[in-house]
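Welcome! Please take a look at the model below, and then we can walk through it together.

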Amino acid sequence: MFENLSEKLQRTFKNLRGQGTVTEENIGEALKEIRIALLEADVNLNVVKDLIEHIRAKAVGQEVLTALSPTEQVIKIVRDELVAMLGTDTARFKFASQPPTVILMAGLQGSGKTTTSGKLAAWLKKGGHRPLLVSVDVYRPAAREQLQIVAKAIGANLYEGDLKGEAAGPALVERLAKEARREAIISGCDVMIVDTAGRLHIDEGLMTEMQRLKSLLNPQEILFIADAMTGQDAVRSAKEFHDRLALTGTVLTKMDGDARGGAALSIRHVTGQPIKFIGMGEKPDAFEPFHPDRIVSRILGMGDIMTLIEKAEEHLDRKKSEELAKKALMGDGFSLDDFREQLRQIKKMGSLQSIIKMLPSVGPFQGMQQAAGNVDEKQFTRIEAIINSMTAAERKNHELISGSRRKRIAHGSGTSVQEVNQMLRQYVQMRKMFKSMGKGGAVQRRLMGSLANMRGGR
Amino acid sequence: MLQSLFNTPEQKPGLMDRMKQAVARTRTGLQERMDDLLSLARPVDESALEELEGTLIASDIGVATSQEIIAQLRQQASRRQIRDGAELRHLLKAEMLRILDSVPLGQRTVTARPEVILMVGVNGTGKTTTTGKLAAYFREQGKSVLLCAADTFRAAAIEQLEVWGQRAGVEMVRTRQGGDPSAALYDALQAAQARGIDVLIVDTAGRLHTKNNLMAELDKIRRTARRFSADAPHETLLVMDATTGQNGLQQARLFTQAAAVSGIVLTKLDGTAKGGIVIAIARELQLPVRFVGIGEQMGDLIPFDSNAFVDSLLEG
């Protein structure tokens with residue numbers, strides 16, 4: 001849908017080759033494109049202005065290197081500048097010398113505080129801590145029930161508390177918080193996560209309540225929970241929350257959507273505090289430490305190869321993959337058994353959609369991102385079912401599979417003969433491709449080359 | 001301060017004023033800049049237009065739409081020899097209104113009761129709260145309302161809607177958490193028919209527009225509604241948070257593809273975000289805004305008024 005930034009830059013730099021240096025004149029057009037790309041990604045206008053000036057200052061006067069194209073050169077400056085702004089600090093918590101460590105969750109309505117509280121508790125549990133959850137959201141209907149259900153789902157301790165018919169207000173909020181801390185000490189929980197009501201940054205009453213909660217609990221961490229889809233207003237809300245509470249970090253939620261997440265830059269810029277985590281889905285474990293370089297790729301529309309590689313390393317059985325690759329490249333070795341094994345390995349990495357999304361939207365992967373929406377996840381299951389319905393002999397030698405066998409396989413796998421035909425065609429194609437890779441290695445070399453480039457750009 | 005802004009000291013504010021108030025709750029640096037830009041004295045030159053483009057972008061209208069609006073202004077300014085800020089402001093307002101008002105308001109025909117309204121949107125935009133307020137809105141018009149809790153996924157979503165139902169004095173059909181939303185809707189439709197209910201409002205689970213399987217679930221819900229009446233659901237409202245940035249366009253696009261959205265409810269306009277994205281959505285997707293949410297109280301949902309909305313964007 002959008003032309004990628006590096007494509008646009010390539011266009012603007014067509015004439016730059018052979019000019020020797022980047023000058024005020026020839027960078028102007030490129031800076032305009034960079035500005036638009038950042039604004040489309042929801043980076044705040046003032047932040048964009050700052051960035052553009054920095055980038056201009058760095059780029060002008062640079063010699064056009066022969067090793068890098070002007071586009072790559074400028075992209076590198078942009079990336080470095082964005083990464084520098086986001087900082088290099090990752091998820092690290094300040095723990096109290098005297099437990100419990102208190103974490104206060106703050107944010108606007110609907111940013112995902114309750115869901116994130118649960119995820120954070122699950123993450124801490126995995127790290128060997130004993131978190132206690134408490135909700136002091138006495139305002140939104142069923143907010144406290146929600147946290148209760150979340151806590152139960154992840155098996156975390158929860159201080160339920162008794163409202164005793166008390167009216168919703170700061171007094172009740174403070175009582176619950178105090179009781180919860182006592183409970184944390186008694187039950188030996190070393191971390192207490194306080195889920196608060198969503199509030200507007202201009203709501204004087206509720207912001208004051210939050211300040212009082214802070215002085216009462218003296219939290220080690222005050223996290224700002226922000227929606228990745230937030231637009232230009234992110235700076236205003238983040239600034240107000242920071243001015244009032246002195247935030248210690250941000251959690252960017254709903255990053256599993258397709259928002260570019262420019263709000264991360266805006267929030268980091270006005271608070272000066274690191275983005276610590278990102279939320280990647282509705283499940284308790286869809287929670288990851290934040291990596292500045294990765295979101296920079298995303299803001300610029302350039303994919304997230306690092307996460308993809310990490311995911312692959314985490315889930316793929318390296319030995320099996322290598323064996324498979326060896327066999328496949330030998331030519332005749334790639335059987336339907338191997339094909340099935342490969343499908344299973346890929347499935348372990350998560351949904352195909354999420355994998356495709358991490359690919360850059362340029363070069364050999366162009367157009368893949370748009371295709372991601374059309375991917376039929378069930379296709380994998382169907383293919384596997386088809387292979388499962390074959391005999392061992394058929395899996396070893398696909399040429400055995402005649403018309404009547406195809407009928408039987410279709411019947412056995414609950415698919416149609418057409419689908420079986422199609423699957424076999426795909427398999428034969430793949431086999432052929434692997435064979436040519438093994439022989440000439442042209443594709444392989446190209447792939448390795450583009451990977452090396454991507455890493456070089458970092 | 002607000003009252004002095006609108007010169008309505010004692011009166012109970014009308015709908016339009018309430019909307020303006022909500023959007024204009026605080027004067028922002030942005031709006032001051034806008035005032036400065038559009039001040040009477042300042043001559044209209046290229047730098048003024050460029051700065052104006054910046055301010056439009058800063059209210060989430062988006063680069064493409066902002067550029068188009070400015071291009072229109074530039075053209076008209078030279079043709080009609082606009083000299084000062086007042087005239088420019090007038091033109092700007094007219095241009096934004098043109099975009100918002102050129103969206104056709106789909107006329108819905110309800111051949112058989114109940115009228116079915118489906119609430120959809122991404123997570124955390126305020127679907128459940130809006131469903132509750134909408135129930136109160138129709139009740140006030142003397143219509144009988146039934147709620148359907150079809151958000152069977154999020155923890156305590158059903159309980160949350162139940163509280164709203166009690167507040168609005170309407171009944172609710174529910175199923176257990178984790179149940180099939182279409183089954184809940186089926187029960188609700190049967191109940192609504194049997195009781196001769198006027199409006200059935202269906203609260204669905206929040207879902208990101210990129211999750212195909214969840215979007216397909218919306219289609220199933222729609223098919224269930226159609227089994228009762230060929231023209232149901234009569235209205236599918238996309239609930240959108242006013243803080244939403246450029247992703248809002250993609251939300252509107254994909255929800256419309258999957259669930260035939262007929263209108264937008266813009267929520268949380270009582271914050272400092274302006275919700276400018278709806279102008280981009282109107283321009284690109286021809287989707288009208290139906291209601292705006294301006295607070296957490298029952299009455300804080302009002303029909304959209306393009307005039308008041310644009311005024312609040314420009315005036316503060």
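## Ground rules

A residue is called buried when its relative accessible area is under 20%, exposed when over 50%, and partly exposed in between (1.4 Å probe, protein chains only). By that rule B:E95, with a relative accessible area of 4%, is buried.

This is a predicted model, where local features need pLDDT of at least 70, side-chain atom pairs count only at pLDDT 80 or more, and totals for chains, interfaces and linings use all residues. Residues are numbered from 1 along each chain as its sequence is written, chains are lettered from A and ligands numbered from 1 in the order in which they are written, and side-chain values use heavy atoms, with hydrogens and water left out.

## Chain A and the cores

Chain A has 458 residues, and 51% of them count as buried. Its secondary structure consists of 21 helices and 8 strands, taken as DSSP runs numbered from the N terminus (helices: H or I, at least four residues; strands: E, at least two).

A nonpolar core is a set of buried Ala, Val, Leu, Ile, Met, Phe, Trp, Tyr and Cys residues joined through side-chain atoms within 4.5 Å. The largest one has 70 residues, and B:M96 and B:F309 have the most contacts inside it. Helix α6 of chain B (residues 85-101) gives this core its largest share, 7 residues. Another core, of 69 residues, lies apart from it and includes A:L31 and A:I267.

## Where the chains meet

Contact here means heavy atoms within 4.5 Å. On that basis, 39 residues of chain A and 46 residues of chain B take part. Together the two chains bury about 3,400 Å², with 55% of it on carbon and sulfur atoms; buried area is the accessible area (1.4 Å probe) that two parts lose on being put together, summed over both. On the chain A side, A:P141, A:M229 and A:E282 supply 17% of the area buried against chain B, more than any other three residues.

## Salt bridges

A salt bridge puts a side-chain nitrogen of Lys or Arg within 4 Å of a carboxyl oxygen of Asp or Glu. There are 2 across the interface of chain A and chain B. A:D256 and B:K211 form a salt bridge at 2.4 Å, N to O. A:D256 is buried at 12% relative accessibility, while B:K211 is partly exposed at 25%.

Within chain B, B:R98 and B:E95 meet at 2.8 Å, N to O. These two residues are 3 apart in helix α6 of chain B, so about one helical turn separates them. A network of salt bridges also links B:E68, B:R253, B:R283 and B:E284.
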